[in-house]
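Subject: Handover of a structure and summary of findings

Dear colleague,

Please find below the structure for your review. The findings follow directly after it.

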Amino acid sequence: EVQLVESGGGLVQAGGSLRLSCAASGFSIGTYNIGWFRQVPGKEREGVACIAKSDGSAYYADPVKGRFTISRDNAKNPVYLQMNSLKPEDTAVYYCHAMILGVAYWGKGTLVSASS
């Protein structure tokens, strides 16, 4: 069974840092593009960052460029999202995502809250 499990969320003051982890079971996380998304209640889920399966290239949404870093040590380790200089507008539930054989898989999310 394919599963994605996020961890590492929490409450921090604005300007602080958190590192999120996305662990996978049922498939090799290094063989698919992995994305981080976030959602605030009442708003649509938005893409934050993505790491390519082929060469580990990273892509970022404009609001997080220069502050967030997505990474993966190897094909078996979790995918990480290092979040620095957090702002109150980064407060959201963060989800890990993978598209496998045309099926979208999501974790249950982890809450990040940055207070001003």
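Ile34 has Ile51 of strand 5 as its bridge partner. The model is a predicted one. That bridge belongs to the pairing of strand 4 (residues 34–39) with strand 5 (residues 46–51), which is antiparallel and extends over five bridges. The hairpin formed by these two strands has six residues between them, and Gly42 there adopts a positive phi near 85°.

Strand 5 is also joined to strand 6, by three bridges and again in the antiparallel sense. Across this pairing, Cys50 stands opposite Tyr59 of strand 6. The hairpin of strand 5 and strand 6 likewise has six residues between the strands, with Gly56 at a positive phi near 75°.

Disulfide and remaining cysteine

The structure contains one disulfide. It is formed by Cys22 and Cys96, whose sulfur atoms are 1.8 Å apart. Cys22 is buried, at a relative accessible area of 0%, and Cys96 is buried with a value of 0%. Cys50, by contrast, takes part in no disulfide; the nearest cysteine sulfur, that of Cys96, lies 10 Å away. Cys50 is partly exposed, with a relative accessible area of 27%.

Nonpolar core

The largest nonpolar core comprises 26 residues, and those with the most contacts inside it are Trp36, Leu81, Met83 and Tyr94. At least two residues of this core come from each of strand 3 (18–25), strand 4, strand 5, strand 7, strand 8 (79–83), strand 9 (92–100) and strand 11 (110–115). Strand 9 gives the most, with five residues.

The surroundings of Leu81 may be of interest in this context. Leaving aside neighbours within four places in sequence, Leu81 is in contact with Leu18, Arg19, Leu20, Trp36, Val48, Ala49, Phe68, Thr69, Ile70 and Tyr94.

Aromatic pairs and charges over rings

A search of the whole structure finds three aromatic pairs. One of them, formed by Phe37 and Trp106, is edge-to-face, with 4.9 Å from centre to centre and 70° between the planes. This pair links distant parts of the chain, with Phe37 in strand 4 and Trp106 in strand 10, 69 residues apart. Phe37 counts as partly exposed at 23% relative accessibility, and Trp106 is partly exposed with a relative accessible area of 35%.

Tyr95 and Trp106 form an edge-to-face pair as well, at 6.4 Å centre to centre and with 90° between the planes. Here Tyr95 is in strand 9 and Trp106 in strand 10, eleven residues apart. Tyr95 counts as buried because its relative accessibility is 13%, under the limit of 20%. Phe37, Tyr95 and Trp106 form one aromatic cluster.

Two arginines lie over aromatic faces. Arg45 is placed over the face of Trp106, at 4.5 Å from the ring centre. Arg19 is placed over the face of Tyr80, at 4.0 Å from the ring centre.

Loop residues

Which residues touch Arg67, not counting residues up to four places away in sequence? They are Gln82, Met83, Asn84, Ser85, Leu86, Lys87 and Asp90. Arg67 itself is found in the loop between strand 6 (58–60) and strand 7 (68–72). Its relative accessible area is 10%, so Arg67 is buried.

Ser85, one of the residues that Arg67 touches, is found in the loop between strand 8 and strand 9. Phi of Ser85 is near 50°, a positive value in a residue other than glycine. Most residues other than glycine have a negative phi. At 42% relative accessibility, Ser85 counts as partly exposed.

Leu101 also has a positive phi, of about 50°, although it is not a glycine. Leu101 lies in the loop between strand 9 and strand 10 (103–106). With a relative accessible area of 79%, Leu101 is exposed.

Yours sincerely

Terms used
Residues numbered from 1 in each chain as written. Predicted model: local features only at pLDDT ≥ 70, side-chain atom pairs only at ≥ 80, totals over all residues. Heavy atoms only, no water. Helix = DSSP H or I, 4+ residues; strand = E, 2+ residues; numbered from the N terminus. Buried < 20%, exposed > 50% of the residue type's maximum accessible area, 1.4 Å probe, protein only. Contact = heavy atoms within 4.5 Å. Pairing = 2+ DSSP bridges. Core = buried A, V, L, I, M, F, W, Y, C linked by side-chain atoms within 4.5 Å. Disulfide = S-S within 2.5 Å. Phe/Tyr/Trp six-rings, centres within 6.5 Å; stacked < 30°, edge-to-face > 60°. Lys NZ or Arg CZ within 6 Å of the ring centre and 35° of its normal.
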